[in-house]
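Here are some exercises to work through with the model open beside you. Try each task before you read its solution.

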Amino acid sequence: MKSFRQYLQEEKVRYDSLPASGVPFIPRTHEYRFTGDGRGSGRESTWGSYPKSPNDTLRTGLFAADARHAAPYSMPRDIRWIRTDPKPKGRSKLFISSKDYKRLRSHRTVASHYDDKGFENTGRGEYFAAGRKIKPTRQQIHTNPLAILQQHHIVRPVRNLDAKMKSLRRANVNHEAEGDFGDH
C-alpha cells in the first residue's frame, strides 16, 4: 500500500485560468510539437520561430507536472518568467516582471489534479498524457496564485526581466524560462 507522501508525489497537477463556466471542466488538449532531440516542446499553433525538423513529432494531449514544476503555470499564460535551479534542499528563485507581479493579485486559477496513469515523463519535470479527454480526479479554485508560487519558489519581482535573463546567461546560471526573450 502506498503512503500518503508517495501518493502526493505521483499526483500530477495542471493549472488553467478559471473559465467563466467555473468547475468542473475538462482542460482542453492541444496539438504539441516535440523535437527529435527532446530539448523543446510547445503548442503547434504557437511554435513561432523554433526551427522545425523532420524528426519532430506532433501529439495531441496535455501537460501536467509535480506541484513544484506546475506552480509557475498558476499565473496568466502571457506572464513571462525565469526560474533558476534550486540549491540542494532549497527552493528555486522565480523571477517575474514587477508589473506582472501586481496582476497576480486579481488572477483566479484552477488546479486540476490527475493520478499518474497515462502520463509519461518528458525528462524536464513535466509529464505528457496523449489523448483528447483526459479527466482530472479533482479540481480546486485558487484566488491567490502568489501563495501557490511561494510554497515552492522564492518569488522575486524585477523591473527589467530581459536584463535579468541576460545577466543569468552571462553568469552561466542554470535556468528555465517561459515566454519570448528574443532568442532561444
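**Exercise 1. Decide whether Thr-84 is buried or exposed, and list what it touches.**

Step 1. Thr-84 has a relative accessible area of 10%. Buried means under 20%, exposed over 50%, and partly exposed in between, using a 1.4 Å probe and counting protein chains only. Thr-84 is therefore buried.

Step 2. Helices (H or I, at least four residues) and strands (E, at least two) are DSSP runs, numbered from the N terminus.

Step 3. Look for contacts, meaning heavy atoms within 4.5 Å. Leaving out residues up to four places away in sequence, Thr-84 touches Ser-92, Lys-93, Phe-95, Leu-168, Val-173, Asn-174 and His-175.

A note on the ground rules: this is a predicted model, in which local features need pLDDT of at least 70 and side-chain atom pairs count only at pLDDT 80 or more, while totals for chains, interfaces and linings use all residues. Residues are numbered from 1 along each chain as its sequence is written, and side-chain values use heavy atoms, without hydrogens and water.

**Exercise 2. Work out which side of helix 5 is buried, and describe what lies at its ends.**

Step 1. Helix 5 covers residues 161–170, and its buried residues are Leu-161, Met-165 and Leu-168. They sit on the same side of helix 5 because they cover an arc of only 65° around the axis; the arc is that of the directions from the helix axis to the C-beta atoms.

Step 2. Turn to the other side, where Lys-166 and Arg-170 are exposed.

Step 3. Check the ends. Asn-160 caps the N-terminal end, with a side-chain oxygen 3.1 Å from the backbone nitrogen of Asp-162. Just after the helix, Asn-172 takes a positive phi of about 55°.

**Exercise 3. Follow Leu-161 to its contacts.**

Step 1. Leu-161 lies in helix 5 and is buried, with a relative accessible area of 3%.

Step 2. Beyond its neighbours within four places in sequence, Leu-161 is in contact with Arg-80, Trp-81, Ile-82, Phe-95, Ile-96, Ser-97 and Phe-181.

Step 3. Compare sequence with space: Leu-161 and Ser-98 are 63 residues apart in sequence, yet their C-alpha atoms are 8.7 Å apart.

**Exercise 4. Which residues have the most contacts inside the largest nonpolar core, and which element gives the most to this core?**

Step 1. A nonpolar core is a set of buried Ala, Val, Leu, Ile, Met, Phe, Trp, Tyr and Cys residues joined through side-chain atoms within 4.5 Å. The largest has 16 residues, and Tyr-15, Met-75, Ile-96, Leu-104 and Leu-149 have the most contacts inside it.

Step 2. Strand 1 (12–17), strand 6 (92–97) and helix 4 (145–152) each supply at least two residues of this core. Helix 4 gives the most, with 3 residues.

**Exercise 5. Describe how strand 1 is covered and paired.**

Step 1. Strand 1 pairs with strand 7 (residues 109–114) in the antiparallel sense over 6 bridges; two strands pair if DSSP finds at least two bridges between them. Lys-12 has Tyr-114 as its bridge partner in strand 7.

Key
A polar contact is a pair of N or O atoms within 3.5 Å; within protein, one must be able to donate a hydrogen and the other to accept it, and residues adjacent in sequence count only if both atoms are side-chain atoms.
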